[in-house]
Amino acid sequence: MKIYKAKDYNDMSRKAANIISAQVILKPDSVLGLATGSTPLGLYRQLAEWYEKGDLDFSQVTTVNLDEYKGLTKENPQSYYYFMHENLFKKVNIDAGRTFLPDGTEADSSKACEDYNQILHSVGRVDIQLLGLGHNGHIGFNEPGSVFEKETHCVRLADQTIKANRRFFATEEEVPREAYTMGIKTIMSARRILIVVSGADKADIVKKAFFGPITPQVPASILQLHPDVTLVADEAALA
Ligand code: F6R
C-alpha cells in the first residue's frame, strides 16, 4: 500500500485529484469507480476546475458509483445520483449515458442488485476505484460483519452510519434505512484503489483498517490484500 500524507483537507483533495486526473489523461476511456460523502467533495471540485482550464477531458470516461439509498429518486437532493450530478457530472463533459449508479427507485432489491451487477460486468474492470472510509470501517455501504465475497447487494445501514449521515437530512427518521451497494468482491476486483480520508475523528479507524488485523468487523481491512492501494490522508487522519 502506498500512503501519501497530506497537510490538510485541501492538500489531500489535490493529491487525490492528481491521481484520478493522471488516470484519465493516460487512459481517456477509463472506467472510474466513484464515491459520495464529504471526503471526495474537494477532489471533485479540483477535477472540475482542471476541466474548466482545459486540462482534462471526460468525454470517453465511464463511471460506476459505489452505492445509492433505496427509495430515493434521482431528483431527491439526498440521493447519491443527485450528489454526483451536482458535484461532478454537470460540471464536466462526461457523457450522462455512461454514468451509472444503482437504481434507488427499484423497490425489488434482487432486481436492483442484479441489474447493477449486469452493468458492472458490461463496463468491464474498474481502472481506479475511489473510496471514502466510514467511522466504523465501512467501504461503500459494506458495514461491519459484511461478507467479503459479495457483489451488489441490499444492506440495512448500521446505526452509526444512520447517525453519521443524519447531517444531510432534516431529521434522523428521514435517513433511509436501506441502500444498494457494490460488494467487497466487486471493490476488490478494481485494478487500483484510491482511498481518501480526512480528519482526526477517522484516526482510530485508519489505524484499525490499515495497520490492524484483516477482519469482516472492519470491512476496509480487506484492502490490505489488494495489490494496488493508495491511501491519501491528511495528518490528522494519520495521527
Ligand atoms: C459513499 C460511501 C461511504 C463513504 C463513507 C465516508 O459513497 O460509500 O462509504 O465513503 O461513509 O463518508 P464521508 O466521506 O462523508 O466521511
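**View 1. Glu86 is partly exposed at 25% relative accessibility and forms a salt bridge with Lys90.** This is a predicted model, in which local features need pLDDT of at least 70 and side-chain atom pairs count only at pLDDT 80 or more, while totals for chains, interfaces and linings use all residues. Residues are numbered from 1 along each chain as its sequence is written, and side-chain values use heavy atoms, with hydrogens and water left out. The N to O distance between the side chains of Glu86 and Lys90 is 3.0 Å. Lys90 is also partly exposed, with a relative accessible area of 48% (buried is under 20%, exposed over 50%, partly exposed in between; 1.4 Å probe, protein chains only). A salt bridge here is a side-chain nitrogen of Lys or Arg within 4 Å of a carboxyl oxygen of Asp or Glu. The model has 10 salt bridges by this rule.

View 2. Asp115 is partly exposed at 30% relative accessibility. Lys111 is partly exposed as well, and its relative accessible area is 38%.

**View 3. Asp127 and Arg191 form a salt bridge between two loops.** Asp127 belongs to the loop between H4 and strand E6 (128-131), and Arg191 to the loop between helix H6 (184-188) and strand E9 (192-197). The pair therefore ties together parts of the chain that are 64 residues apart in sequence. The side chains of Asp127 and Arg191 meet with an N to O distance of 3.1 Å. Is Asp127 buried or exposed? With 4% relative accessibility, Asp127 counts as buried. Arg191, in contrast, is partly exposed, and its relative accessible area is 39%.

**View 4. Lys2, Arg192 and Asp228 belong to one salt-bridge network.** The salt bridges in this view share partners, and through them the three residues Lys2, Arg192 and Asp228 are joined.

**View 5. Strands E4, E8 and E7 form an open antiparallel sheet.** The sheet has 3 strands, placed in the order E4-E8-E7. Which strands stand at the edges? E4 and strand E7 (153-156) do, and each has a single partner strand. One side of E4 and one side of E7 are therefore left without a neighbour in the sheet.

**View 6. Strand E7 pairs with strand E8 in the antiparallel sense.** Strand E8 covers residues 178-181, and the pairing of E7 with E8 runs over 4 bridges (two strands pair if DSSP finds at least two bridges between them). What is the bridge partner of Val155 in E8? The partner of Val155 is Ala179.
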